[in-house]
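User: I would like to go through a helix and an aromatic pair, with the cut-offs stated.

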Amino acid sequence: MPATEAQELGIALATVVSHLRMFESARQALIYAAPHIGFSLSVDQDQFLSMAKVRALRRLWTRAQEACGIPASQGMIHAEPSWRLMTAR
C-alpha cells in the first residue's frame, strides 16, 4: 500500500531532521550542511495535488531550518512520476 502525501512529506522531513542531528552530534555547523540537502518526491497524474505537495515540502523545510536557528536555504526537490503512472497496461 503506497504512502499518502502527508506520510511521504513526514518521512522526508523526519529523514532530514535525522541527518541534521547527525551533523550536529559530529560538531559540524548546520549552516554548511543545509544547502546540500535535497529531497525526492513522487508525483502522479493529479497535477494540482503534486504541486501542492512540492509547495508544502518547501514550507516545511523552511520551517525546519527556522527551528534549527539557521538561515533558510532552498533545498533541491526532485519530483519523479510514480511507477504505476509510468507503466502501460
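Analyst: Buried means under 20% relative accessible area, exposed over 50%, and partly exposed in between (1.4 Å probe, protein chains only). Helices (H or I, at least four residues) and strands (E, at least two) are DSSP runs, numbered from the N terminus. This is a predicted model, in which local features need pLDDT of at least 70, side-chain atom pairs count only at pLDDT 80 or more, and totals for chains, interfaces and linings use all residues. Residues are numbered from 1 along each chain as its sequence is written, and side-chain values use heavy atoms, with hydrogens and water left out.

User: Which exposed residues does the face of α1 turned away from its buried side carry?

Analyst: The buried residues of α1 are Glu8, Leu9, Ala12, Leu13, Val16 and Leu20. Seen down the axis of α1, they fall within an arc of 125 degrees (taken from the directions from the helix axis to the C-beta atoms), so they line one face of the helix. The face turned away from that buried side carries the exposed Ala6, Ile11, Arg21 and Ser25.

User: What do the buried residues of α1 pack against?

Analyst: Contact means heavy atoms within 4.5 Å. On that basis the buried residues of α1 pack against α2 (30-33), β1 (38-43) and α3 (47-68).

User: Is the pair of phenylalanine 39 and tryptophan 61 stacked, tilted or edge-to-face?

Analyst: Rings of Phe, Tyr and Trp (its six-membered ring) pair if their centres lie within 6.5 Å; planes under 30 degrees apart count as stacked, over 60 as edge-to-face and the rest as tilted. By this rule there is one aromatic pair. The ring centres of phenylalanine 39 and tryptophan 61 are 5.6 Å apart and the planes stand at 70 degrees, so the pair is edge-to-face.
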